[in-house]
Amino acid sequence: MPGCIAWPGGLGVANVFACALFAAMAGSSPATCSAIGSAGIPEMRKRGYSGGFAAGIIAAGGTLGILLPPSITMILFAVAAEKSLGRLFLAGIGPGVLLVSLFGVYAVIHFRKEYAAGRRALRQDRRDVGDFSRRDEFTMAERFNMLPRVLPFVLLLTGVMIALYGGYATPFGDRRARRNFWRWC
């Protein structure tokens, strides 16, 4: 369709971002791998990703659950070490965003290499190595029609982050904790 841009490796990047968002919500790496992998791996396999690469994207994205706030591991560490949970959460954002972007870049680069190798094998051997001929492209209207499906998840994630970082959902939920948080920022 005119005006639509196909982004090779975009499904891998979307799965990395889905893992990051789910990891931020659940705070657990195994839960992230299970939830996103059950839908992401079969879809990537259908689109020509190799099985190992599809599983690797989900496994790498799942590891973000331990780093991105609200991480269960960070909460347990903060309680055990008597450290500030807000500061631990803030410390996890930078490395988490860096890893998400690096995983996304790697997914694009590696998929392009796999795509080129698959096309060469398809031309040489005339065997089916993946569904490279079909391209799913969406118009902007179709993309906006998908927005109501994603919007509740984004609003929930935003509410959780505001509650956690604003000091409204802390175990100590008093005014002093909130005032200290905003002063620290």
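**Figure 1. Helices H1 and H2 run roughly antiparallel to each other in this model.** The structure is a predicted model, in which local features need pLDDT of at least 70 and side-chain atom pairs count only at pLDDT 80 or more, whereas totals for chains, interfaces and linings use all residues. Residues are numbered from 1 along each chain as its sequence is written, and side-chain values use heavy atoms, with hydrogens and water left out. Helix H1 covers residues 10–26 and helix H2 residues 29–46; their axes come within 9 Å and cross at roughly 165°. Helices (H or I, at least four residues) and strands (E, at least two) are DSSP runs, numbered from the N terminus. Axes are lines fitted to C-alpha atoms, for helices over the stretch in contact, and angles run from 0 to 180 degrees between N-to-C directions. Angles under 35 degrees count as roughly parallel, over 145 as roughly antiparallel, 65 to 115 as roughly perpendicular and the rest as oblique. The crossing of H1 and H2 is right-handed; a crossing is right-handed if the near helix is turned clockwise from the far one by less than a right angle, and left-handed if anticlockwise.

**Figure 2. Residues at the contact of H1 with H2.** From H1, the residues Leu11, Gly12, Asn15, Ala18, Cys19, Phe22 and Ala23 meet Ala31, Thr32, Ala35, Ile36, Gly40, Glu43 and Met44 of H2. By class, this contact of H1 with H2 holds 9 nonpolar, 4 polar and 1 charged residues. Contact means heavy atoms within 4.5 Å. Ala, Val, Leu, Ile, Met, Phe, Trp, Tyr, Cys and Pro count as nonpolar, Asp, Glu, Lys and Arg as charged, and the others, Gly among them, as polar.

**Figure 3. Helix H1 and the residue that follows it.** The 17 residues of H1 should span 24 Å at 1.5 Å a residue, and its end C-alpha atoms are 24 Å apart, which agrees; the expected span is 1.5 Å times one less than the number of residues. Buried positions in H1 are Gly10, Gly12, Val13, Asn15, Val16, Cys19, Ala20, Ala23 and Ala24. Buried means under 20% relative accessible area, exposed over 50%, and partly exposed in between (1.4 Å probe, protein chains only). Just after H1, Gly27 adopts a positive phi of about 75°.

**Figure 4. Packing of H2 against helix H3 (residues 51–62).** The axes of H2 and H3 lie 9 Å apart, at an angle of about 150°. This angle makes H2 roughly antiparallel to H3, and H2 passes H3 in a right-handed crossing. On the H2 side, the contact is made by Ser29, Thr32, Cys33, Ile36, Gly37, Ile41, Met44 and Arg45, and on the H3 side by Gly51, Ala54, Ala55, Ile57, Ile58, Ala59, Gly61 and Gly62. The contact of H2 with H3 comprises 9 nonpolar, 6 polar and 1 charged residues. Gly51, in helix H3, is partly exposed, with a relative accessible area of 28%. The C-alpha atoms of Gly51 and Ile41 are separated by 7.7 Å, although these residues are 10 apart along the chain.

**Figure 5. Packing of H1 against H3.** The axes of H1 and H3 come within 8 Å and cross at roughly 25°, which makes H1 roughly parallel to H3. Their crossing is right-handed. Gly12, Asn15, Val16 and Cys19 of H1 make the contact with Ile57, Ile58, Gly61 and Gly62 of H3. The residues of the contact of H1 with H3 divide into 4 nonpolar, 4 polar and no charged.

Figure 6. Thr32 is placed in helix H2 and counts as buried, at 0% relative accessibility. Ser28 is placed in the loop between H1 and H2. The C-alpha atoms of Ser28 and Thr73 are separated by 8.1 Å, with the two residues 45 apart along the chain.

**Figure 7. Glu82 and the chain as a whole.** Glu82 is found in the loop between helix H4 (72–81) and helix H5 (85–125). Glu82 has a positive phi of about 55° although it is not a glycine, and counts as exposed at 74% relative accessibility. The protein chain has 7 helices and 0 strands. Of its 185 residues, 30% are buried. Among contacts between residues at least 6 apart in sequence, 68% join residues at least 24 apart.
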